[in-house]
Amino acid sequence: MNLREPSDFGFPKRDLVPARVLTEDMDCSQAEYTARCCALFAAIFYTLQQDLSAKVSSLHFDNTGAAIKYWNSRMCDMRSPARAKFFEKVQSRYQVILDEIKTPKSQESADCDAPTAEETAARLGSMSLTDASIKAPTLEGASFVVAAYNNMLKTPHVFPQDDAPKLVIALDEAHPLSNMSSKGFRPSQILGRTINAYCHDNDASVWVVFASTISQVADFSAPQVIHDSLRVAIYGQLLYQPYTHLGWDQNADSLSGISADNVGKFHHIIGFGRPLWKSLMNNQTITGIMTMAARGLCNSKKFNPQDINEALAVLSQRFGLDICFGHPNAVSYLDKGVASHLRVCFSTTEDRSWAFTGYPSEPFLSCVAAILLHGTSRSLVDALKVLKAKVDGGMIETGQCGELASRLLLLLAKDMYVRGNLSTGTISDLHYNGSEDAELIHCQKVSVINFLEYFFGDEFWFKAGEKAKTAFQHAYINFSHWVPMENFISPKDPKLANVESSSARCDSKEWTLRHWHRTSAVQCCHLQPLVDKMIPIYFDDLTLGSNDVDRVSQMFISDKAGKTSSERDLGFITRKHGSIQCLSELPCIVLLLDLNVDPKLSVTFPKKKPKHPKADQCLRIYASGIGGTTFPFLRSHFNVAELLRGLVSRQEEAPSQTTSKHLDALVKFGSTATLRHSRWEAQDAL
């Protein structure tokens, strides 16, 4: 049923009967609109029962399935006379039921003591979210729609008792239902209560789907104009939870289903994340799928890097931007991200006052975001300026030791390398129309030797030595985005002992290989000792055997943003630490990025191969400063370098606030050991 505006002449056309009932004459009271919703659904159920019963009992069909299929085919033809006749019947039945609902009853129903929605809202101040003594508000006409629904389910052979979907009622272009009426209610809330009224006591597989070309139809936020309690359907649960059962990664190849050498191919990468992408491969070209993903991420036909929401969506999907929950703009930004920019809502609090959201690992979308970010010569710089402004305003956190600047530096360097060294046949833009066996440019494997030479300059391997270069001659990286961790790489937290046994965890090799398969790099948790990041390394060397899990190693990164050099810390970093435990006979890389001190680059590698098989063959790199001296590739991207330096220097500053320094010192007692945050007696001296 299409509810588009009368002025919208798009296809499919507006269905006049349901559209007029649900979207016109909105100056009515909440009770009147509730009666209209109940009468409409009751009329649909009665008419559907009548139509299906006639078709099923007809001699023209051999079985119920054939009759239902025939009915569907005629209803799905938007111009068919059968569809028009169906809604004519609905209109006639609707008017009869509505008149009956409005007819005063001589005796109140059994729920006469149930409060109105307004009365429920007034009592909220003294109620808890699970207070069973608070009854649900009354619903005008609920008994009519419940009776019609139950009668429909009794139609012979049409609604068998199993979980397969039996009936789907789709409301297309349903976004007008979320608009506030002049009487202070949202139609979508009343419609939701109507649906709940007939289905909450019955587990029949009947679905109502709200769809729209405007993505705000999926806005999960509780309205601010009226109280949450106006959504009450039954006591104990004030608001509907977002639907999260579509799953994630169910179309992904198994770890053994594809060689580690081929994980950058389109047909593999598209299987990760939401099931939508791979499901489109049956009837869409690669161009069509990528264009759809780009429009979904940006909520526009063309990426505008100066638009705050578009820029932050593209950057967040790849670089894991951390939102400061206390910032006044955080809630509205996250709401828009979920509604319009493919941000995922994981869960909400019970009263829906806060939603937990983010961009999970989704390498296909990361590649689309990367293409958008490097689409023009100005796109990257403009997007980073938006990010810098939000960091300066305190909405986005930079991390404790320059973690955000480090994520940007490493991944942007890889972006620039692959885009400057395009491989033939790779998917490097949104308009590729070749084979799905092609590699996505931002997921293809990149030689460690070539990348480090690009990152640190032509002299890097001369400083590292020939043995180091030989050790990594078959090594590759392929990361396209960052994913955050919430625990140590090898956790020893006793709190987790009863939740998950150590045998159920990935060992270090499988953990690394799984990140390689989805082209992800790791941002470690804040308390992770020694290191802050991990980038998987894969050795494409047949002498190591045929098992991919035996061909992986890691690049570990430690972030520093202090005013003094931390070079001596480099020697203490080891992958054998109890919180890391990534033991391997293959060489690894440890990189210490000291981003807030004078530029310097030093490299060391063991001159002799260690005798013990578990001893570290570790290429240790100390790199300080952000500029062309340490990172020569930034010489041709000086605007990017300047913005990254601005993010690092921001580490020492507090977010923009209106609180005076005097009050700030007093209310933050104990936050540091300085006199300013300790001696409350010295009020005037603070």
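Okay, some housekeeping. Residues are numbered from 1 along each chain as its sequence is written, and side-chain values use heavy atoms, with hydrogens and water left out. Since the model is predicted, local features need pLDDT of at least 70 and side-chain atom pairs count only at pLDDT 80 or more, while totals for chains, interfaces and linings use all residues.

Let's start inside. By a nonpolar core I mean a set of buried Ala, Val, Leu, Ile, Met, Phe, Trp, Tyr and Cys residues joined through side-chain atoms within 4.5 Å. Buried means under 20% relative accessible area, exposed means over 50%, and partly exposed is in between, using a 1.4 Å probe and protein chains only. The largest nonpolar core has 107 residues, and the members that touch the most others are Leu452 and Leu619. Which helix gives the most to this core? That's α15, residues 403-420, with 11 residues. Helices here are DSSP runs of H or I with at least four residues, strands are runs of E with at least two, and both are numbered from the N terminus.

Have a look at Leu452. Contact, for me, is heavy atoms within 4.5 Å. Skipping neighbours within four places in sequence, Leu452 is in contact with Gly457, Phe460, Trp461, Met555, Ile589, Leu619 and Ile621. Apart from that core lies another one, of 52 residues, with Ala39, Leu48, Phe144 and Phe185 among them.

Still on the inside, take Val368. You'll find Val368 in helix α13, residues 363-373, and at 0% relative accessibility Val368 counts as buried. Its contacts, again leaving out neighbours within four places in sequence, are Met290, Ala293, Ala294 and Leu430. Also, the C-alpha atoms of Val368 and Ser428 are 9.3 Å apart, although 60 residues separate the two along the chain.

Next up is Gln523, in strand β10, residues 520-523. Is Gln523 buried or exposed? Buried, because its relative accessibility is 8%. There are two polar contacts to show you, and that term means a pair of N or O atoms within 3.5 Å; within protein, one must be able to donate a hydrogen and the other to accept it, and residues adjacent in sequence count only if both atoms are side-chain atoms. The Gln523 side chain makes one with the side chain of Arg407, at 2.9 Å, and another with the side chain of Lys533, at 3.0 Å. Beyond four places in sequence, the contacts of Gln523 include Glu403, Trp482, Pro484 and Asp532.

Now for charges. A salt bridge is a side-chain nitrogen of Lys or Arg within 4 Å of a carboxyl oxygen of Asp or Glu. How many salt bridges are found in the whole structure? A search gives 19.

One of them joins the side chains of Arg518 and Asp249, at 2.9 Å from N to O. Arg518 sits in the loop between α19 (508-517) and β10, and Asp249 in the loop between β2 and α8, so this pair ties together parts 269 residues apart in sequence. Arg518 is buried, with 14% relative accessible area, whereas Asp249 is partly exposed at 25%. Asp25 is in the loop between α1 (16-23) and α2 (30-57), and is exposed at 63% relative accessible area.

Back to the bridges. Asp437 forms one with Lys265, the closest N and O atoms being 3.8 Å apart. That pair links distant parts of the chain, 172 residues apart: Asp437 is in the loop between α15 and β7 (446-447), Lys265 in the loop between β2 and α8. At 40% relative accessibility Asp437 is partly exposed, while Lys265, at 16%, is buried.

Then Lys509 and Asp550 meet in a salt bridge of 3.5 Å, N to O. Why does the pair tie together parts 41 residues apart in sequence? Because Lys509 lies in helix α19 and Asp550 in the loop between β11 (533-539) and β12 (552-560). Lys509 is partly exposed at 30%, and Asp550 is partly exposed at 36%.

Last stop: Asp261, Lys445, Asp540 and Arg551, which are linked in a network of salt bridges.
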